[in-house]
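Please read the following briefing alongside the sequence and the structure.

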Amino acid sequence: MNSLRPGRLRRPAAEQLLDGVPTGRPVGGDPLASLLAAAAAPPHTAEQAGEDAAITAFRAEHLVPASNLGRGQMIKSPLAKILTMKVGALALALGAGGVAVAATTGAFTPSGHASTTGSITTPVASGSQASGSHASVKASMPGTHTGASASGHAAVPTVGSILSAVDAAQVCRELAGKVERTVASTDGSAVAIMTETGLQNALDNPALSQVVDNPEFVSLVATAEGRGNAPDYCGLVLHLAKLASPATLGNLPGSALSAIPASIASQIPGSALTGVPTSGLSKLPVRFLSKLSAPALSGLPASVLAELPASVLKGVLPALPAGALAQLPAKVLAGAMNGMPTGTLTGVVSRLPVGLRTQTLPMLPKSALAGLPKSLLAGLPGSLLSSL
């Protein structure tokens, strides 16, 4: 049943007006007929000027065409496309919401831009295809990152950025692997899985000085603040047995060392610091030293240990030899011994020289002294002993 009243413009007549075919009815007497006739007219220069802007806005919204194909087929003539461009220009002026409305017509596909928007103009038939089309649109957008390289490896952080210790450890392994492959290509030996020994040998190899200059290691060099610092920094984050150039450990940036998490720093063996000059160790940030294990800290010189917080030094004192204890200031010793269990405190005090002992014990609370053997209290002031 036709619901259109007599005299109204019917659909066949509207199609003829859009196609530019005379209908025999006066255009000026019907507002809708006048509108369709104007839409079928050739576009003006001002109208075409908004085409590129509308297309750009459409792409930026990552839109795909509506799945209602039947409606899209209703407007299919070249003149209808001109009408669509006019609507698109108007939609751009109205904002992003207007762009979305224009897109639902399914005809926003100027042929001049089809080569760059193929995934946009393809109808979506299923959910899986929709996600694939959306991904392809996003991949074609400038400045869009997929988060992974073509080889399947995790995306490398922005070139020149400062790496976290976890990311640096991964990049250091890649650096060592590339060094090993470089060496293998020259001597013909097989490339084995990177063991700790293999990592150590790769960081010690002279070929590293050339490999580290590759663009993929720019962020590692930036983190270590110099290509020459990269081997030692990698040795630390990979907690290897020794450093490639221990004499230059003090040149590593304090910010990078302090950023190494305790879970990694605590695994650095004491032997890794062997050979590092005292001047280099004294430059290491306390925040980094505080994360080292007690065995690693016990090998540090007294001048470095004296800079540690009392809470950290408390765990180191029991492992220090008598010679190292004797070099610590009495005030530092007293701060670290305060709060120690009686048994642990007795062991530390018994290894102190008598002179240092008599300087240190009066700084401890009387409750701590009361638990010590009388033999260790010899030489203390009589007034102190009588109060115990």
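Lys 178 has a relative accessible area of 24% and is therefore partly exposed, a class lying between buried (under 20% relative accessible area) and exposed (over 50%), as computed with a 1.4 Å probe on protein chains only. The model is predicted, so local features need pLDDT of at least 70 and side-chain atom pairs count only at pLDDT 80 or more, whereas totals for chains, interfaces and linings use all residues. Residues are numbered from 1 along each chain as its sequence is written, and side-chain values use heavy atoms, with hydrogens and water left out.

**Salt bridges**

- Two salt bridges are found in a search of the whole structure, the criterion being a side-chain nitrogen of Lys or Arg within 4 Å of a carboxyl oxygen of Asp or Glu.
- Lys 178 and Glu 216 form a salt bridge through their side chains, at 2.4 Å from N to O.
- Lys 178 belongs to helix H10 and Glu 216 to the loop between helix H12 (208–211) and helix H13 (218–224), so this pair ties together parts that are 38 residues apart in sequence.
- Glu 216 is partly exposed, at 36% relative accessibility.
- Asp 213 and Arg 227 are joined by a salt bridge in which the closest N and O atoms are 2.8 Å apart.
- Asp 213 is partly exposed at a relative accessible area of 48%, and Arg 227 is also partly exposed, at 38%.

**Nonpolar core**

- The largest nonpolar core has 79 residues, and Ile 260, Leu 317 and Met 337 have the most contacts inside it; such a core is a set of buried Ala, Val, Leu, Ile, Met, Phe, Trp, Tyr and Cys residues joined through side-chain atoms within 4.5 Å.

Methods. Helix = DSSP H or I, 4+ residues; strand = E, 2+ residues; numbered from the N terminus.
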